[in-house]
Amino acid sequence: MAGDADLLVVGARIFTASSERPWASALAVSGDRLLAVGTEAQAARWAGRRTRRIDAGGRVIVPGFIDAHTHVSDAAGEIGWTDLAGSRSLEDALDRLRIAAAGKRAGEWVVGTGWDEAKWPERRYLTRDDLDRVATDRAVVARRIDGHMGSVNSAALATAQSVVATRGFDVDASGRPTGILKEDAFSSFEKQFKTGEAGIERGLAVIVRRVHRLGITSIHDIVDLPAWRAYQRAHRAGRLRLRVYAMPRDALLPSLAASGLMTGLGDPWLRLGAIKVFSDGSLGAYTAALGADYVGRPGDRGMLVHPPEELRGILETAHRAGFQTATHALGDEAIRQVVSALEDVQGSDPRPDPRHRIEHYELPDEDVLRRTRAAGIVVCAQPNFVGQWSGPGDVYETRLGRERASRNNPYRRILRARIRLAFGSDGMPYGPLYGIHSAVNGFFEDQRISAEDAVRAYTAAGAYASFEEREKGTLEAGKLADFVVLEGDPFDEPDRIRDCRIRSTWIGGTEAYAARTASR
């Protein structure tokens with residue numbers, strides 16, 4: 001019916017991400033839905049006297065970005081912590097912590113996050129002795145960028161007696177604790193200083209504004225119980241301005257399964273998603289499970305978080321309860337174990353379209369690629385990791401050697417195997433345009449895909465990974481009016497995608513963010 005549109009956008013170059021009609025020049029919106037996406041004449045049929053009309057001036061419009069692997073609720077709880085990302089050296093990181101310590105009251109913890117020794121000239125982890133130079137009268141904690149390890153000072157170690165015998169508690173040759181805590185030891189220890197539900201809820205509005213500026217309209221966020229409750233409270237109060245597919249950690253699985261809840265419960269703003277499971281760690285912490293030794297570390301192949309039968313049991317429990325799973329598997333051995341477990345689970349209890357996921361999936365071989373496709377497993381990868389750590393002398397090369405590093409994050413081979421490939425950031429760093437640039441301009445041939453495929457991985461495939469492809473992910477009539485207006489053209493200038501900027505972000509037909517330089 002003519003005259004029903006609230007908004008008409010014309011003069012645009014719209015990449016719809018649909019495989020059937022990938023390009024359009026105009027769109028019409030009514031309420032939170034798209035009425036039409038096509039030519040200007042087709043969209044104009046919906047215009048009336050009260051219709052707002054925007055001329056995009058030839059700019060590119062794409063679907064709202066879906067970051068399919070985030071820690072937004074964690075970031076909300078970390079407001080007030082010291083940002084160590086981008087520190088130029090170990091001493092620079094310590095200086096930042098000293099400044100933070102000087103502003104704290106007696107007894108308050110000093111918590112830093114985001115350090116990356118691969119970017120420092122020292123090329124080593126922070127230790128207890130380093131952090132004792134920040135303060136000795138209070139606990140100091142510095143979490144590595146990957147979240148799989150952290151370092152603590154002597155005062156913090158004094159509170160860590162419960163994790164002394166835990167896997168990942170590091171000691172030197174004499175048995176003295178180094179202050180380095182990995183995997184189980186660090187995840188247990190960080191419960192002492194993590195922010196609770198109320199703090200997360202307060203911080204969500206700040207973090208959501210940040211992701212709007214990046215063009216992100218939906219996230220798949222990994223949550224613990226306080227975060228899940230914070231999201232529900234924010235949604236109930238009408239303060240949740242980001243679409244959230246919440247992925248509970250596997251510690252919550254028994255209670256969720258016992259309550260009869262399943263993946264998919266919710267609405268377009270907040271939905272219960274996959275159960276997040278760990279199978280290995282990270283390359284940065286030398287805990288990703290590999291099929292061959294780490295470079296320079298004979299006999300060290302990382303670690304499996306769960307023995308194979310235990311992993312299978314967790315995945316089977318989730319599957320039988322009606323949950324999708326999203327399993328962290330980074331190294332080739334971990335990926336192989338997860339694929340085998342999911343084959344067994346799905347074979348013993350066939351279920352239509354479970355869409356189990358593997359997160360990261362950095363080192364698959366050809367056999368694993370074939371089996372992943374046959375099992376219908378969705379891959380959620382992080383192309384920003386390519387930009388961050390695939391360069392000469394960086395983490396992938398120093399841990400794996402050049403030959404194995406050249407095979408990491410093989411997005412081209414994944415797509416050729418006809419596996420569903422979604423992109424997320426893991427928050428290292430956030431920014432879909434940076435991730436898309438890295439996937440198009442990777443260091444190695446198998447990392448490189450087209451700009452169109454990379455944008456689809458950050459939009460349409462993200463919607464598929466959360467069973468929401470009928471609602472969003474592509475710009476088509478009837479779907480949610482979530483879209484992004486860009487400054488710059490990632491399709492005409494693929495080598496300059498990282499130079500593109502977000503002009504405006506629209507969620508449900510409402511402008512959630514507009515760049516200050518945009519002329520109205």
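1. Before going on, some housekeeping. This is a predicted model, with local features needing pLDDT of at least 70 and side-chain atom pairs counting only at pLDDT 80 or more, while totals for chains, interfaces and linings use all residues. Residues are numbered from 1 along each chain as its sequence is written, and side-chain values use heavy atoms, with hydrogens and water left out.

2. On terms: on a 1 Å grid over the protein atoms alone, a cavity is a set of points where a 1.4 Å probe fits but cannot get out, a pocket is an open set with protein on both sides within 12 Å along at least five of seven lines, and lining residues have an atom within 4 Å of a point. Grid points are joined across faces, edges and corners, and a volume is the space filled by probe spheres set on the points. Ala, Val, Leu, Ile, Met, Phe, Trp, Tyr, Cys and Pro count as nonpolar, Asp, Glu, Lys and Arg as charged, and the others, Gly among them, as polar. Helices are DSSP runs (H or I, at least four residues), numbered from the N terminus.

3. The whole structure has two cavities of 30 Å³ or more. The largest cavity, about 160 Å³ in volume, has 16 lining residues, with Asp146, Ser282, Leu283, Gly284 and Trp389 nearest its centre. Helix H13 (384-389) and helix H14 (395-400) are the elements giving two or more residues to this lining. Its residues divide into seven nonpolar, five polar and four charged.

4. The second largest cavity holds about 50 Å³ of space. Among the residues lining the second largest cavity are Pro63, Thr217, Lys472 and Asp482. Four nonpolar, five polar and two charged residues make up that lining.

5. Heavy atoms within 4.5 Å count as contact. In H7, Glu197, Ile200, Glu201 and Leu204 meet residues of H8 including Pro226, Tyr231 and Arg233. The residues of this contact divide into seven nonpolar, no polar and four charged.

6. For H10 and H11, residues including Leu311, Leu315 and His319 in H10 meet residues including Val338, Leu342 and Val345 in H11. That contact has seven nonpolar, four polar and four charged residues.
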